[in-house]
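Hi,

Here is the structure I promised to pass on.

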Amino acid sequence: MTQTNEQVQSSGAVPAAAGVPAAAEGQQERRGGGGGRGDRRGGGRGRDNRRGQERDSEWQERVVQIRRVSKTVKGGKKMSFRAIVVVGNEKGQVGVGVGKAGDVIGAVRKGVADGKKHLVKVPLTRANSIPTLSNGRDGAASVLIRPAAPGTGVIAGGSIRTVLELAGIKNVLAKRLGSKTPLNNARAAMEALSGLRTHKETAKERGISLEQIYS
């Protein structure tokens, strides 16, 4: 009897030991299947993130000026930072934004968001220049922008040069008149670019043919 019980116990222990890993493997496979669904969902979010990063990569940001400013409140003076940022994709779209925050990073982030809200579409020629001469004014700053021949480059300075470069203009002549304030000059340049029109648009507004404008 002792030998029989030992045989039964030994024979029963083998299937029990073999059955536990099998069940665990089945549970792991089922869990792994659920993880696959999670991976697929995560992959969809990853694609959306990549698309958002591609859209953001099209835009270039340049900080024109960072100043420390103060605001007088009831308890004294509140110090903060002001950032002037120019945003553009070098394909005819450019914007100027201003952001204020307690730290520099926050001010730049707000400036970028503000610049994307005030984008201007600039008509570009085949020579990557502007179609006609244009003037812009903001406050005491006045800017004169005129087209240039291929190979001229960007003849401008200060914040005006930054605006023209991020707009994708590569051959242009610009002159700053009046105030030297970077923000006013940048906004004056934006006003000048926003007033640009192609020859086709001008002919349509006047009700004449395109050949009459060139003649």
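Below are my notes on the cores, the loops and one surface patch.

This is a predicted model, so local features need pLDDT of at least 70 and side-chain atom pairs count only at pLDDT 80 or more, while totals for chains, interfaces and linings use all residues. Residues are numbered from 1 along each chain as its sequence is written, and side-chain values use heavy atoms, with hydrogens and water left out.

**Cores**

The largest nonpolar core has 27 residues. By nonpolar core I mean buried Ala, Val, Leu, Ile, Met, Phe, Trp, Tyr and Cys residues joined through side-chain atoms within 4.5 Å. Buried is under 20% relative accessible area, exposed is over 50%, and partly exposed is in between (1.4 Å probe, protein chains only). Val94, Ile145, Val163, Leu164 and Leu193 touch the most other members. Strands S2 (76–88), S3 (93–101), S6 (141–147) and S8 (172–178) each supply at least two residues of this core, and so do helices H3 (158–167) and H4 (182–194). Helices (H or I, at least four residues) and strands (E, at least two) are DSSP runs, numbered from the N terminus. H4 gives the most, with seven residues.

A second, separate core has eight residues, including Trp59, Ala101, Val108 and Val112.

Back to Ile145. Leaving aside neighbours within four places in sequence, Ile145 is in contact (heavy atoms within 4.5 Å) with residues including Ile130, Leu164, Val172, Ala189 and Leu193.

**Loops**

Two residues other than glycine have positive phi. Glu90 is near 60 degrees. Glu90 sits in the loop between S2 and S3 and is partly exposed, at 38% relative accessibility. Asn128 is at about 55 degrees. Asn128 lies in the loop between S4 (119–121) and S5 (134–138), partly exposed at 28%.

Ser129 is in the loop between S4 and S5. Ser129 is buried, at 2% relative accessibility. A polar atom of the Ser129 side chain lies 3.3 Å from the backbone nitrogen of Ala148. Leaving aside neighbours within four places in sequence, Ser129 is also in contact with Pro123, Leu124, Pro147, Ala148, Ile169 and Asn171.

**Surface**

What makes the nonpolar surface patch of about 210 Å²? Val63, Ile66 and Val104 do. Patches use residues with over 30% relative accessible area and no salt bridge (a Lys or Arg side-chain nitrogen within 4 Å of an Asp or Glu carboxyl oxygen), with nonpolar side chains (Val, Leu, Ile, Met, Phe, Trp, Tyr) joined within 5 Å and like charges within 9 Å. Areas are Shrake-Rupley, with a 1.4 Å probe. Val63 lies in S1 (residues 60–73) and is partly exposed, at 44%.

Best wishes

How values were computed
Polar contact = N/O pair within 3.5 Å; in protein donor to acceptor, adjacent residues only side chain to side chain.
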